[in-house]
Amino acid sequence: MNDFCVTFRGVRGSYPTPEKNKLKYGGNTACVEVKIGKQLIIIDAGTGIISLGDNLLREHLLSGSDEYSRKKINATILLSHTHQDHIQGLPFFNPIYIGSTNLDIFGSDNENNNLKNTLSLLTFDKMFPLTFDEMPADINIRNFHEKTFLSLDPDSDRLAEIKQITSDDIQNPDMIEIRCFKSYAHPKEGVLIFKISYKNKTLIYASDKESYIGGDKKLIQFCRNADVLIHDANYTKEDYLSATNPKQGFGHSTPDMAVKVAQMANVSKLYLFHIGPSYNDETVDEIEKQTKELFKNTQVAYEGLSVSLL
Ligand SMILES: [Zn+2]
Ligand SMILES: [Zn+2]
């Protein structure tokens with residue numbers, strides 16, 4: 001039977017934090033690896049994607065003696081949005097420099113620009129030595145929205161088929177289904193929330209999501225009975241409500257907001273994610289301890305943590 005394995009590659013919000021007192025949880029920005037059978041799904045491309053790329057490259061080089069016999073690297077990359085901390089690892093994802101690599105990148109077009117043009121700004125002119133079009137891999141950049149879902153076969157490494165949604169129910173539990181919805185509670189263009197389902201197990205990725213005090217009703221509906229919820233917890237409650245520098249409207253949550261969603265949606269396990277870059281390990285330990293008192297099945301995600309859903 002295929003596994004449904006989730007590995008946190010980068011859990012930090014906003015910018016990388018390589019300081020020694022932050023390494024227990026890790027300093028790389030947002031990236032989560034999901035492996036189901038032969039499929040590799042990567043959620044967000046913060047700096048956490050770089051070490052994942054190096055691992056993939058190593059496996060690729062060991063799989064054959066020359067470029068014709070080696071196993072191709074195929075991956076589906078889901079981008080929640082195009083803020084720097086979610087895409088800055090992409091030009092350093094080494095499989096992108098191999099001609100046999102196939103990458104399907106799904107994200108959201110925004111009002112003034114399509115996703116491909118937005119991502120091209122990352123490597124535009126003087127910002128990087130190569131443009132996206134000069135990178136050897138076969139890269140397809142496609143718009144993903146809530147009227148469609150992606151269907152992937154766990155028994156092959158064929159890339160996703162895009163299908164129209166006709167009902168809220170999962171169409172085929174033996175296939176991997178990926179759905180999304182766009183939340184506008186993140187400045188300025190909103191953020192995609194992802195749901196990955198396989199064999200009646202469900203993973204939700206809700207980074208850069210401000211879930212309000214009392215819980216975001218649409219998100220609660222979207223993640224009803226999920227097995228794993230990865231939820232933004234960028235600010236402590238004190239910092240969010242600070243009298244001098246409040247963070248309301250910044251598009252991020254507190255651990256309490258994440259707990260509210262988990263409780264109201266009957267989620268089995270909550271992982272706090274997108275940890276604010278100013279918090280050191282000691283503070284994050286305390287955040288975890290306090291949050292467990294509200295919702296026992298809570299853990300702060302840390303770099304290298306692997307979780308199996310099956
Ligand atoms: Zn972010
Ligand atoms: Zn953001």
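**View 1. Spacing and donors of the zinc ion (ligand 2).** The donor residues of the zinc ion (ligand 2) follow the sequence spacing H-x1-H-x102-H-x21-D. This model is predicted, so local features need pLDDT of at least 70 and side-chain atom pairs count only at pLDDT 80 or more, while totals for chains, interfaces and linings use all residues; side-chain values use heavy atoms, without hydrogens or water. Residues are numbered from 1 along each chain as its sequence is written, with chains lettered from A and ligands numbered from 1 in the order in which they are written. His81 (NE2), His83 (ND1), His186 (NE2) and Asp208 (OD) coordinate the zinc ion (ligand 2), at 2.2 to 2.4 Å. Donors here are N, O and S atoms within 2.8 Å of the metal (3.2 Å for Na, K and Ca); water is not among the atoms, so sites may look incomplete. The angles among the four donor atoms run from 90 to 174°, and the site is irregular. Four donors count as tetrahedral if all angles lie between 85 and 135 degrees; four count as square planar and six as octahedral if opposite donors are over 155 degrees apart and all others between 65 and 115; anything else is irregular. His81 is buried, at 8% relative accessibility. His83 is partly exposed, at 31%. Buried means under 20% relative accessible area, exposed over 50%, and partly exposed in between (1.4 Å probe, protein chains only).

View 2. Asp208 bridges the zinc ion (ligand 1) and the zinc ion (ligand 2), which are 3.5 Å apart. The protein donors of the zinc ion (ligand 1) are Asp85 (OD), His86 (NE2), Asp208 (OD) and His274 (NE2), at 2.1 to 2.3 Å. Their spacing in sequence reads D-H-x121-D-x65-H. The arrangement around the zinc ion (ligand 1) is irregular because its four donor atoms subtend angles of 90 to 166°. Asp85 sits in helix α2 (residues 84–87) and His274 in the loop between β13 (269–273) and α7 (281–294), so this pair ties together parts 189 residues apart in sequence. Helices (H or I, at least four residues) and strands (E, at least two) are DSSP runs, numbered from the N terminus. Asp85 is buried, with a relative accessible area of 6%. His274 is buried too, at 0%.

View 3. Arg9 and Glu33 form a salt bridge, with their closest N and O atoms 2.9 Å apart. The pair links distant parts of the chain: Arg9 is in strand β1 and Glu33 in strand β2, 24 residues apart. A salt bridge is a side-chain nitrogen of Lys or Arg within 4 Å of a carboxyl oxygen of Asp or Glu. By this rule the structure has 12 salt bridges. Arg9 is buried, at 15% relative accessibility. Glu33 is buried, at 7%.

**View 4. Two further salt bridges.** Lys237 and Asp256 meet through their side chains, at 3.6 Å from N to O. Lys237 lies in helix α5 (residues 237–240) and Asp256 in helix α6 (residues 255–264), so the pair ties together parts 19 residues apart in sequence. Lys237 is partly exposed, at 41% relative accessible area. Asp256 is partly exposed, at 29%. Glu19 pairs with Lys22, their closest N and O atoms being 3.7 Å apart. Glu19 is partly exposed, at 37%, whereas Lys22 is buried, at 10%.

**View 5. The loop between α3 and β6.** Phe124 lies in the loop between α3 (115–120) and β6 (138–143). Leu121, Phe124 and Met127 form a nonpolar surface patch, with about 350 Å² of accessible area together. Patches are made of residues with over 30% relative accessible area and no salt bridge: like charges are joined within 9 Å, nonpolar side chains (Val, Leu, Ile, Met, Phe, Trp, Tyr) within 5 Å. Thr131 is found in the loop between α3 and β6. Thr131 is partly exposed, at 32% relative accessible area.

**View 6. Cysteines without disulfides.** The structure holds zero disulfides. A disulfide is a pair of cysteine sulfur atoms within 2.5 Å. The sulfur of Cys5 is 13 Å from the closest cysteine sulfur, in Cys31, too far for a bond. For Cys223, the nearest cysteine sulfur is that of Cys180, 14 Å away. Cys223 is buried, with a relative accessible area of 1%.

How values were computed. Areas by Shrake-Rupley, 256 points an atom, 1.4 Å probe, with all protein chains shown as cover.
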